[in-house]
Amino acid sequence: MTDFQAEKALVRAHHAALSAATPETVAAALAAHTSADWHWRGMCPFDERRGAAAVAEVFWAPLLAALTSMQRREDIFFAGLNEIDGFSGRWVVSMGHLMGLFDAPWLGIRPTRKLAMLRYAEFHRVADGRIVETAQFVDIPHLMVQAGQNPFGPATAQHLVQPGPRTHDGLLDDPQPAEDGVATLSAINAMIGDLGTWSLGLPLEEELRRTWVEDMLWWGPEGIGATYTIPRYAKQHSGPFRAAFTDRTRTGHIARLAEGHYGGFFGWPNFTARHKGGFMGLPGTDRPAEFRVVDIYRREGDKLAENWVFIDILHFYRSQGVDLLARMEAINGG
């Protein structure tokens, strides 16, 4: 059994420091557990930053000023060795919602002074007792829609404030049997192998049944939404998505790991594809679309049962020549 307790404890301390921080003190709170050259990857418009001061300035200080009395509502927490670098790097994953009172503008989104929940997923690489690398994905459009400032047309799936695992067992604070993580990573890799470049040659639902349970839950990003069961997932996301793109590259990840019945990955980007038209109501372009994605999974038996998905939708729109934040303000009279 591989022990990730020291890495988990470090990330727990990092989270505790953030919970106690204010906009004025958050840079010091971040510096307490990160390396001097900490490499932070954030969603558009934050992109990549180095060091605690830079991350505090662009992301955490403005967010803490906007989303007051913030609580971390964590649903999934696990750690593992990174398959991508030969099982060398040690990563800790956290996923859930950052909850607070939306009291001040953030990224041009007008505050409601009501409860808001910002979906998040974090991947932290730990080395020498410090967090040296982080991917921080937050679902910015999900907050827009909660605040009544929807920049999208009708979604193919369903808008929800999304729950954690059906089994309520996603917080892996204790060490897990190594064989469980191996089985989860194997299930994820089987799905990735089938996905490939969408060229397996099987009918879509038949392809999905190879690696997913029939009553799968797919918790997608705002603008697409959540969907349930293989037939509805095929109809409400996977089918329309594949129909809208061509020339898809193979999947590439920075980190892919698993522990117990949970696992996940992120890519920067995961893949690129050419948009033929139709995705989220957008016309086609000749520009390559770049997808920065987090996927977190729960395994059931030898198949995948739940999938929480974060796509940097603002970055995708930017690659297609659309500033989604400006579009939100224009549509909603900002």
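I took helices and strands as DSSP runs, numbered from the N terminus: helices are H or I with at least four residues, strands are E with at least two. This is a predicted model, so I noted the rules: local features need pLDDT of at least 70, side-chain atom pairs count only at pLDDT 80 or more, and totals for chains, interfaces and linings use all residues. Residues are numbered from 1 along each chain as its sequence is written, and side-chain values use heavy atoms, with hydrogens and water left out.

**Entry 1: Thr-34**

I found Thr-34 in strand β1, residues 34–42. Is Thr-34 buried or exposed? Its relative accessibility is 5%, so Thr-34 counts as buried (buried is under 20% relative accessible area, exposed over 50%, partly exposed in between, with a 1.4 Å probe and protein chains only). I then looked up contacts, meaning heavy atoms within 4.5 Å. Apart from neighbours within four places in sequence, Thr-34 touches His-14, Ala-52, Arg-130 and Ile-131. The Thr-34 side chain also reaches the backbone oxygen of Leu-30, at 2.8 Å.

**Entry 2: helix α3**

Ala-52 is also on my list of buried residues in α3, along with others including Phe-59 and Trp-60. Helix α3 covers residues 52–66 and spans 19 Å from first C-alpha to last, close to the expected 21 Å (1.5 Å times one less than the number of residues). Where does α3 bend? I get about 40° at Val-58, with the proline Pro-62 following within four residues. The bend is the angle between axes fitted to the seven residues ending there and the seven starting there.

**Entry 3: Glu-306**

Glu-306 belongs to strand β13, residues 303–311. With a relative accessible area of 0%, Glu-306 is buried. Which side chains does Glu-306 join by polar contacts? I noted Trp-219 at 3.0 Å and Arg-298 at 2.9 Å. A polar contact is a pair of N or O atoms within 3.5 Å; within protein, one must be able to donate a hydrogen and the other to accept it, and residues adjacent in sequence count only if both atoms are side-chain atoms. I also checked Met-216: it is 90 residues from Glu-306 in sequence, but their C-alphas are 5.7 Å apart.

**Entry 4: charges over rings**

Last, I looked for a charge over a ring (NZ of Lys or CZ of Arg within 6 Å of the ring centre and within 35 degrees of the ring normal). Arg-119 lies over the face of Phe-310, 4.1 Å from the ring centre. The charged end of Arg-292 sits over the Trp-268 ring, 4.0 Å from its centre.
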